[in-house]
Amino acid sequence: MASEAETYPDSTKLELTELLKEVQLDYSAANATIINDVVSSIREAINNIPDGLQVTADVAPGFVRDVGADKVEFKFRKPKSLEIGGSYSFQCIARPDVNVDLFLRLPKECFHEKDYLNYRYHAKRFLYLCMIKNHLKHSSIVQDVKWAAFHNEARKPVLVVYPAARLSDSTVFSLKIIPTAPCLFTLSKLNLERNNIRSLSQGIISTPKYNSSILEDMFIEDNAEFIKRIFMGCKELGEALLLLKVWARKSSLFVHDCLSGFLITVIVAYLASKSGKNRINNSMNAMQIFRITMDFIANSKIWDTGLFFQPEGERKISNKDRKTQLQSFPIIICDSFADYNMAFRMTPSGFQELRDEATLALACMDKCEGGGFDEIFMTKMDYPAKYDFCIRLNLKDHHDFHVSGFCWDDECWRSYEQKVLGVIDQALKGRTKLIRVIWRNTSPECNFENGLSTLDGDAMFIGITIGSMEEAFKQAIIGPSPEDRDKAVEFRKFWGDKATLRWFRDGRIAEVAVWEHEEWEKHLIIKEITEHVLMRHLSLPKQNIISIVDQLDFVLHHGNRDPISFSQNLLKAYDDLSKHLRLLDDIPLKISSVQPLDSAFRLTSVFPPAPHPLAHEEGSRIKLEKPTATCIQPLELEGSGNWPLDELAMEKTKSAFLLKIAESLHTKRGITCTATEDDVDVFMSGYAFRLKILHERGLSLVKRQGGAQMKRVLSSDKKLFLRGQHSSMVNGLRGRYPIYGPVVRLAKRWVSAHLFSNSLSEEAIELLVAHLFLKPLPFRTPCSRINGFLRFLRLLSEYDWSFFPLIVDINGELTPDDEKEINENFMSTRKGFEENLQNVKPAMFLATSYDKESEAWTTLSPTAADLRRLAAYATSSANFLTNIIMKNHIDSYGWECLFRTPLNNYNAVILLHRDKLPYPHRLLFPSEVKLGRHVIRGNASKSFQPFLLPGDMKGNLEELKNKLMVNFDPLRYFVTGIEAKFPDMFKVWYDSFGGDAIGLTCGNKNLKKRGRDDIGEDNDLLDTLKAVGELGKGLSKSVHFLKAPKLSS
């Protein structure tokens, strides 16, 4: 282990040191005095409560009623002690939450020897705290007193005191008053095999969780003191515990049925004790201890039998006998004092998640740079990014879960969690790796005095992690044969009207439940299965089940259909055309290969083209649609052949070759073609295929040449070569990860919707999303589109582009030497820009095996300013999306807001005539500008229509085909015109997928001038904006002048 620790680079060791400084509390004498003074004041205030006060259920009638307690009256007596315990006592509090535990020892005089029965102890415990709260809130040293549920256990509230005092560095802290009850009851009466709730005598043999809840209070002081002895004097052990707490908090593991600060401390203490075979010793540093703990959690087989601390004192009992007593619990961490299971709240699903996260942490340490420091300690793994599918159940006023009472052996909320888990687990068997059902039913604002009936306000959360994509989206659940009558009845009882008999091709007859969907709808299967079983078995109305699955599908749909559904037609047409091209034998040079370049072929195009009725071969039967589009998207293909070695001959051959291809296809196949010197458009099977020619030998030939000619040839041929390499690799990646395509499409739609089409190319977006799938740690590979989209937003938001390249190794072929070369290339782009990263290029360094210098997609854009703007938008969208998933039950408008971009972040905005856009149906939301100054208004052109007019439909097919415009996009031409005519004046922002607004921000030079003469500069700017409007005559509807925002570049 020591050698492993030594492999960490100095930078990682420095980061660990800084992290520990950040999370460690300052235990200086000054702070100790402040905390001790506050504790003394609280102790004094409590001791001033007069003895003998009669306490009855009237103090908190709702709580007493809801826990079902009887005989709860007592006379108040002062507590036996109030002492500091918990993490503060051995200096292991992990900031930013500074909570000091105070153990308040309850007086025996307030309890009867049989108060362990029927929730009497819990009721009296709470009434005792109510008396203390009522006196503390009038104390001058106390700013506020609130309730909190101990590990989310509503039957065991504790008091949280917020003092008026602050620590020396103004840090806010709180004190948690936790009742303890050592030696209050005879241990044999709390044997886990006993039933101590008499109303449960019918059918329930024992109440192990209820009994453990009382045992916890009886031994909390002893266990805290035992742990303190292990940690005191060992700095490295304390530092490791702090790191573990940071990891657990970042991994969202602090959940009532999974992990707590106390339990992770207990696990470390076990490993450092004789009971745990001293796996941790004093010679180890913090990261070694961290790794050993992770490995123990993830891989140790001891969990199968349980963790047992050696009995204290004269107690002699075998672990086998102790395990027999604790067999009612799935996870066992047995203390050394009373055979009490400290992990009695932990569930199998909670423990599975703990082990999974520990396994991922180990993978980060082994596979990620810097020992995985950023992935383990700095990456937020909240539920929306962690789980593939998230479901919220709104159970407010749904009383079925507590119809028989709030508290039995376990609380009704915990029992309902297990009921929901059982139903969903059975429904999704074989599809999932992990299902978590979490109901944080208590909050700091809970008023426990009024009872427990109000603790259903927050929604129940269900997180689902997919095990296998292949299994997850199967449409049929195959059940038993009808001959197996009992199992068949059980299957039909579970699935209800979804269960049917089906006869399979191999002759089998079996019960099945089927969810039939087309390929592009299969992501809905899990949603529909869970909704069906929850409605059937829990009687939940559909509107109370919020499944986060398809809320963003609307941005990819045309009408009720996803245009990706046309992809099979497209791929078949491509295969047919490829065969035709390779079989051409009347051209001078035989075509050796045809490669698709367009993103539609790799299923990552936001709007892959639908077949156009006019783009067919001669003789095909054509049925015109209403409306019929006048524009058609070209699909680019790259062809390569056998070329002469002479450079000039190459150039002439390209032109002749394209013309000959068009002629041959038309003559032999009846395929309509149009040709230019640069490419040829082939109309086939409803699509327009644009052929381009790449001669790979030309790349090596021109590299030996000099002058401008080299640049001209290199820019076209190399770009084609890079696009071919990229397309091939991304298509292979998409084959490995079916969800990759939808995530890319959402990402592209978001980038474009916020007018970043000019800043981030489609290929760059595909590489960014590819990184999420190739290097997902500390997460697992995304298996849902919303989960992947959220991670894309966070990557844009959080990645440190100034100091690190993003290496995307799609085929896993980069060697350490390659990565060294990439890093050297990156550093060379940063040299000379240390003081001014504003002008660094490329600002986003994307490296691949085919492009180690980031030349292909990000050389010119985004700029550093663009990237900051992009990160700001991504941060806002990521936070908004997280909030929607976790908290707000809102209508579709909330989801739409993710793709609605504010238009007040520009100096000027140009609104376009929507009916003059080539694909007006792709417009998400019509744009409006209500602020600023109206500069110019323009009328719509009559020379262009996006759809054929009714009069046009009467012409013959040849005339109609001549009206088709391939790759005609007036918006793109307008943007290009603005950039050409006003290159230093404006930065242009637009949506390439159908937006009706263009944003303009002034260049930095113009912003500097504005300070001298605002009025004059504004007039000049208005004149320029009028010229811009004139440039877009026929397309431009209006131009509006706005004041420049801070975000402007």
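I looked up which residues of helix 2 and helix 7 touch, and found that Leu16, Leu19, Leu20 and Val23 in helix 2 meet Glu239, Leu242, Leu243 and Val246 in helix 7, where contact means heavy atoms within 4.5 Å. By class, this contact of helix 2 with helix 7 has seven nonpolar residues, no polar ones and one charged (Ala, Val, Leu, Ile, Met, Phe, Trp, Tyr, Cys and Pro count as nonpolar, Asp, Glu, Lys and Arg as charged, and the others, Gly among them, as polar).

I noted that the model is a predicted one, in which local features need pLDDT of at least 70 and side-chain atom pairs count only at pLDDT 80 or more, while totals for chains, interfaces and linings use all residues. Residues are numbered from 1 along each chain as its sequence is written, and side-chain values use heavy atoms, with hydrogens and water left out.

Next I checked the geometry of the pair: helix 2 (residues 10–23) and helix 7 (residues 235–250) pack at an angle of about 80°, with their axes 10 Å apart. Axes are lines fitted to C-alpha atoms, for helices over the stretch in contact, and angles run from 0 to 180 degrees between N-to-C directions. Helices (H or I, at least four residues) and strands (E, at least two) are DSSP runs, numbered from the N terminus. Helix 2 and helix 7 are therefore roughly perpendicular to each other, the term for 65 to 115 degrees.

I then turned to helix 15 (residues 412–427) and helix 18 (residues 525–538), whose axes come within 10 Å and cross at roughly 130°. On the helix 15 side I listed Tyr416, Lys419, Val420, Val423, Ile424 and Ala427, and on the helix 18 side Ile529, Thr530, Val533, Leu534, His537 and Leu538. The residues of this contact divide into nine nonpolar, two polar and one charged.

Last, I followed an open sheet of four strands in the order 11-12-10-16, with antiparallel pairing (strands pair if DSSP finds at least two bridges between them). Its edge strands, strand 11 (432–438) and strand 16 (545–548), each pair on one side only. Helix 18 lies across strand 10 (389–393), strand 12 and strand 16, running at about 165° to strand 16. Helix 27 (residues 864–886) also lies across strand 10, strand 12 and strand 16, and runs at about 50° to strand 10.

Note on methods. Parallel < 35°, antiparallel > 145°, perpendicular 65-115°, else oblique.
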